[in-house]
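Thanks for coming. I will go through one structure today, so please have the sequence and the model open.

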Amino acid sequence: MKAVITGASSGIGESMAYYLNDMDFDLILVATNEEKLKKVKEKLKDSAKIILCDLRYEEEVFQLYEKLKNENVDIFINNAGFGLFGDFDKTDLDRELEMIDVNIKAVHILTKLFLQDFVKRDAGYILNVASSAGFMAGPHLDTYYATKNYCLKLTEGIYEELRRRKSNVHISALCPGPVDTNFNRVAKGKFTIKGADKDYVAKYGIDKMLKGKLIIVPTFKMKLTLFAIRFIPTKLLLRITYNIQKRKTR
């Protein structure tokens, strides 16, 4: 079987590559950093194909699909993404638009194109890496939270369409809380609490995806948090979220 992972050069995507490799999947690893991709490839027990692609650019997203459409992909993982801390009126607009291109537009395009192929075969898995941020608004990390809301809700809608057809195609959303990756460095923030282990999150996400679970939330603590926020008034939740994110700013 064959799996494609975007954002495979570091973080959760890198850990997913190692875990799927241990499960004897053939891998196609996608990212922008060739040096890092080669280092990941060197650590795999089997050879993997690497593809350089900058998902900020729509034409490169479509080119990626053209390179992959005849590869008989069984699993497609939309993992690439990033955030940006700061009050909305002060953050860089160009960087936010790039975030929307990566976190929303690329996910949308690749999900649709691979879903169409999988539906024709009546087989395949899509895993969209969303976030616990997808369940709420995120003052001081506004655009990132909004993109993950999009990713989560898109995945949920598609899931129901497939379920109604009794399709053998499966789609899932991985929704971790903070994970110990370089996310905060890229977003220009810092951890205030210890993030979950990326290897654990990767393994948990893939295992649950293969069982057909829709919303995948690693760690009991995050499950409890997401349950609790259902009962917190919106304005109070906004204050709590703002204070948490504000403490991360450098």
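Is Tyr65 buried or exposed? Tyr65 counts as buried, because its relative accessibility is 11%. Before going further, a reminder that this is a predicted model.

Let me start with the aromatic rings. Searching the whole structure gives six aromatic pairs. In one of them, the ring centres of Tyr65 and Phe114 are 5.4 Å apart and the planes stand at 85°, so this pair is edge-to-face. Tyr65 belongs to helix α3, residues 58–68, and Phe114 to helix α4, residues 93–121, so the pair ties together parts that lie 49 residues apart in sequence. Phe114 has a relative accessibility of 1% and therefore counts as buried.

A second pair is Tyr144 with Tyr145. Their ring centres are 6.4 Å apart with the planes at 75°, so this pair is edge-to-face. Tyr144 is buried, at a relative accessible area of 10%, and Tyr145 is buried too, at 8%.

Which residues do ring pairs link into a cluster? They are Tyr65, Phe76, Phe114 and Phe118.

Take strand β1, residues 2–6. Five of its five residues are buried, so the rest of the structure largely encloses this strand. The cover is on both faces: Lys2, Val4 and Thr6 are buried on one side, and Ala3 and Ile5 are buried on the other.

On to the partners of β1. Strand β2, residues 26–31, runs parallel to β1 and is joined to it by five bridges. Within that pairing, Lys2 has Asp26 as its bridge partner, and Thr6 stands opposite Val30. The path from β1 to β2 passes through a helix: β1, helix α1 at residues 11–22, and β2 make a right-handed β-α-β unit.

The other partner to look at is strand β4, residues 75–78, which pairs with β1 in the parallel sense over three bridges. Here Val4 stands opposite Phe76, and Ile5 has Ile77 as its bridge partner. So which way do the residues of β4 point? Ile75 and Ile77 point one way, Phe76 and Asn78 point the other way, and all of them are buried.

From β4 we move along to β5. These two strands pair in the parallel sense over four bridges, and Asn78 has Asn128 of β5 as its bridge partner. There is a β-α-β unit here as well: β4, α4 and β5 make it, and it is right-handed.

Next, the backbone. In general, most residues other than glycine have a negative phi. Asp122 is not a glycine, yet its phi is positive, about 55°. Asp122 is found in the loop between α4 and β5, the latter at 124–129. With a relative accessible area of 35%, Asp122 is partly exposed.

Lys166 also has a positive phi, near 55°, and is a residue other than glycine. Where is Lys166 placed? Its place is in the loop between α5, at 142–164, and β6, at 169–174. Lys166 is exposed, because its relative accessible area is 72% and the cut-off for exposed is over 50%.

Last, the surface. Phe220, Leu224, Phe227 and Phe231 form a nonpolar patch there, and together they have about 490 Å² of accessible area. Phe227 is placed in helix α8, residues 220–228. At 44% relative accessibility, Phe227 counts as partly exposed.

That is the tour, and I will take questions now.

Terms used. Residues are numbered from 1 along each chain as its sequence is written. This is a predicted model: local features need pLDDT of at least 70, side-chain atom pairs count only at pLDDT 80 or more; totals for chains, interfaces and linings use all residues. Side-chain values use heavy atoms; hydrogens and water are left out. Patches are made of residues with over 30% relative accessible area and no salt bridge: like charges are joined within 9 Å, nonpolar side chains (Val, Leu, Ile, Met, Phe, Trp, Tyr) within 5 Å. Accessible areas come from the Shrake-Rupley method with a 1.4 Å probe; for residues, only the protein chains shown count as cover. A salt bridge is a side-chain nitrogen of Lys or Arg within 4 Å of a carboxyl oxygen of Asp or Glu. Buried means under 20% relative accessible area, exposed over 50%, partly exposed in between (1.4 Å probe, protein chains only). Two strands pair if DSSP finds at least two bridges between them. A crossover is right-handed if, with the strands pointing away from the viewer, the path from the first strand over the helix to the second runs clockwise. Rings of Phe, Tyr and Trp (its six-membered ring) pair if their centres lie within 6.5 Å; planes under 30 degrees apart count as stacked, over 60 as edge-to-face and the rest as tilted.
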